[in-house]
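I opened this notebook to record what I looked up in the structure. The entries begin with the surface and end with a single residue.

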Amino acid sequence: MNELYLYIQQWIPLHVLIGFTIASIVGLIGSVITIPIILIRLPADYFDTRIPRYWMKDHHPVLRIIGLILKNCVGSVFLVAGFIMLFLPGQGILTMLIGISLLDFPGKRELEAKIVGRPGILKAINAMRHKFHKPPLILAPDR
């Protein structure tokens, strides 16, 4: 085991390994707290592609643009953090789903519905929502 540590330390300095460990622990704790809160607060029809979604529809155009820029920046952070959590401790897929839902790009709603529509993910999200007396997510039927 000591040989493995020395080999790794040749390529990655100790302070970087400590930083990765701390970031991993913070990410795990943050995702365990944040992800359920976000998923519980979503409306039941949020991932239903038949229902249109508008963000900051009734706000001033300048505020809407600033809000969209900030929302996309936060979404990018969640997406990257979720990808990293696929290899480190944390809820990678759910974190990436939150990141994708914050980003704006063509075909986003269909991608979200496809991810949430996977039986294991949908079951986990609905079980979480059930614990907090929220209705299960509604998805559009396959066409």
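Predicted model: local features only at pLDDT ≥ 70, side-chain atom pairs only at ≥ 80, totals over all residues.

Burial. I then asked what share of the residues count as buried. The value is 26% of the 143 residues of the protein.

Charges. I noted 15 positive and 8 negative side chains in the protein. The centres of the two sets lie 5 Å apart.

Dimensions. I recorded spans of about 55 × 40 × 30 Å for the C-alpha trace along its principal axes. I also looked up the radius of gyration, which is 19 Å for the protein, whereas a compact globule of 143 residues would have a value near 15 Å.

Secondary structure. I found six helices and zero strands. Read from the N terminus on, the elements run α-α-α-α-α-α.

Contacts. I considered the contacts in the protein with a separation of 6 or more, and 62% of them are accounted for by residues 24 or more positions apart.

One residue. I turned to E112, which lies in helix α5, residues 108-116.

Technical notes: Residues numbered from 1 in each chain as written. Heavy atoms only, no water. Helix = DSSP H or I, 4+ residues; strand = E, 2+ residues; numbered from the N terminus. Rg over C-alpha atoms; globule rule 2.2 N^0.38 Å. Buried < 20%, exposed > 50% of the residue type's maximum accessible area, 1.4 Å probe, protein only. Contact = heavy atoms within 4.5 Å. Lys, Arg positive; Asp, Glu negative; His and termini not counted. Charge placed at Lys NZ, Arg CZ, Asp CG, Glu CD.
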